[in-house]
Amino acid sequence: MKTIERVLHDVGSELKSLRGCPPSRLPKSLVPPPPAGPPQLAVVMFDGGRMMTRQPERGPGVHEQAWRETKNASLESMTHQRHAEDPRPELPLCFQEPEHVAELVGTAALPVPGPVKTTLDRASADDDHPQRLVRTCLSSLDNSKEFGLQMSREAKRRCLDQASQKAFIGDGLPANWTIWKKHFRDFVPILDFMHAVEYVYAAAIVIHAENPLVAWASYRQWAQLCWSGHVREVIPELLTWLDDHDLRPGQTLDEQHPHKAVHDAHRYLSNNASRMNYAVYRTQGLPVTSAPMESLVKQINLRVKGTEMFWNDGLKGGEAILQIRSAALSDDGRLKTYLTHRPGCPYVR
């Protein structure tokens with residue numbers, strides 16, 4: 001076990017140092033070659049995760065345990081197809097199923113009927129939705145500033161910055177859009193639609209707390225408006241309700257305030273309205289959700305997050321396993337390439 005731990009620390013540290021190099025200075029034998037040319041569609045997605053860390057060199061046991069935020073990115077080349085008009089103007093059935101929406105939001109499902117599930121909805125989605133060709137992954141405990149540099153270097157190494165169509169997808173956290181503004185300004189900024197669903201659903205439940213049927217109808221109406229790119233029709237309705245309850249935008253509310261969900265939904269939609277033109281994005285052949293990114297975070301968490309699982313805070317622990325895990329999840333075989341050509345001697349550490 002100690003040998004495995006040592007190799008993990010060594011390889012993870014080496015991968016970390018390589019990611020800190022500009023593409024022009026990377027040893028060509030240690031990384032997969034760049035693509036022959038830029039893809040038609042490049043998509044960069046960003047999301048955070050968490051892992052439990054401890055302070056090293058404190059003796060036996062776990063010392064100063066704490067949750068640390070991980071930064072994760074998926075950089076994908078995808079198929080691309082433009083459309084003369086919005087290929088999917090109607091809200092997908094998955095966002096009209098009470099059980100599925102409740103699972104997304106993390107709450108109990110409303111006792112209302114939903115549509116009958118069909119295979120047609122999924123088949124049509126596969127026809128018009130961009131499909132992944134190659135994915136490479138990044139993950140780190142670094143701050144957003146340093147991680148943004150890593151994302152930029154990786155995008156340039158893969159020629160994603162030269163693609164004819166480019167999209168940057170994230171949730172509403174300001175740090176995401178700081179990275180976009182600094183490193184991916186020429187990528188179309190898109191707010192993940194699923195996060196918008198969470199906010200309008202929570203607001204509808206609060207506004208119509210005594211009538212689940214009306215709450216569900218309001219959610220579906222607002223979700224459809226957002227899906228169609230008409231979020232600015234939803235914002236005034238939320239603002240009117242806040243005014244009627246003596247609440248104002250920008251006001252600080254306690255976490256337990258009964259109307260906080262409506263206040264948060266108004267803030268979230270207002271701040272991100274310029275990144276919610278979903279009908280236009282679909283017409284341009286761009287994705288509108290970060291579902292692949294959510295899946296990637298879960299795949300990373302399978303290795304680093306679990307009951308009674310702690311990682312040393314720093315390069316010799318948490319950071320090392322994130323480097324190895326993200327390299328293993330990349331489609332270009334970068335971990336195998338690195339281990340095959342890694343400098344060293346089989347008889348010496």
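**Entry 1: two helices**

How are H1 and H12 oriented to each other? I began with this question, keeping in mind that this is a predicted model, in which local features need pLDDT of at least 70, side-chain atom pairs count only at pLDDT 80 or more, and totals for chains, interfaces and linings use all residues. I also noted that residues are numbered from 1 along each chain as its sequence is written, and that side-chain values use heavy atoms, with hydrogens and water left out.

Helices (H or I, at least four residues) and strands (E, at least two) are DSSP runs, numbered from the N terminus. I looked up helix H1, residues 2–19, and found that H1 and H12 pack at an angle of about 70°, with their axes 8 Å apart. Here axes are lines fitted to C-alpha atoms, for helices over the stretch in contact, and angles run from 0 to 180 degrees between N-to-C directions. H1 and H12 are therefore roughly perpendicular to each other; the cut-offs are under 35 degrees for roughly parallel, over 145 for roughly antiparallel, 65 to 115 for roughly perpendicular, and oblique for the rest.

I then listed who meets whom, where contact means heavy atoms within 4.5 Å. Among the H1 residues that meet H12 are Leu 8, Val 11 and Leu 15, and the H12 residues include Ala 320, Ile 321 and Ile 324. The residues of this contact of H1 with H12 divide into 8 nonpolar, 6 polar and 5 charged, where Ala, Val, Leu, Ile, Met, Phe, Trp, Tyr, Cys and Pro count as nonpolar, Asp, Glu, Lys and Arg as charged, and the others, Gly among them, as polar.

H12 itself, residues 315–328, is mostly covered, with 10 of its 14 residues buried. Buried means under 20% relative accessible area, exposed over 50%, and partly exposed in between (1.4 Å probe, protein chains only). Among the buried residues of H12 I found Gly 317, Leu 322 and Ala 327.

**Entry 2: the strands around S4**

Next I turned to strand S4, residues 165–170, where 6 of its 6 residues are buried. In a regular strand the side chains alternate between the two faces of the sheet. In S4, I saw Gln 165, Ala 167 and Ile 169 pointing one way and Lys 166, Phe 168 and Gly 170 the other way, all of them buried.

Two strands pair if DSSP finds at least two bridges between them. Strand S1, residues 41–54, runs parallel to S4 and is joined to S4 by 5 bridges, and Val 44 has Phe 168 as its bridge partner in S4. S4 also pairs in the parallel sense with strand S5, residues 188–191, over 4 bridges, and there Ala 167 stands opposite Val 188. The chain crosses from S4 through H5 to S5, and this β-α-β crossover is right-handed, which is the case if, with the strands pointing away from the viewer, the path from the first strand over the helix to the second runs clockwise.

**Entry 3: single residues**

Which residues does Thr 53 contact, leaving aside neighbours within four places in sequence? Thr 53 is found in strand S1 and counts as buried at 1% relative accessibility. Its contacts are Glu 64, Gln 65, Ala 66, Arg 68, Phe 310, Trp 311 and Asp 313.

Glu 64 lies in the loop between S1 and S2 and is exposed, with a relative accessible area of 53%. Cys 159 also has a positive phi, about 65°, although it is not a glycine; Cys 159 is found in the loop between helix H4 and S4 and counts as buried at 14% relative accessibility.

Last, I checked helix H7, residues 212–227, and helix H8, residues 234–244, which pack at an angle of about 140°, with their axes 10 Å apart. H7 and H8 are therefore oblique to each other. The contact is made by Gln 221, Trp 222, Leu 225 and Cys 226 of H7 and Val 234, Glu 237 and Leu 238 of H8.
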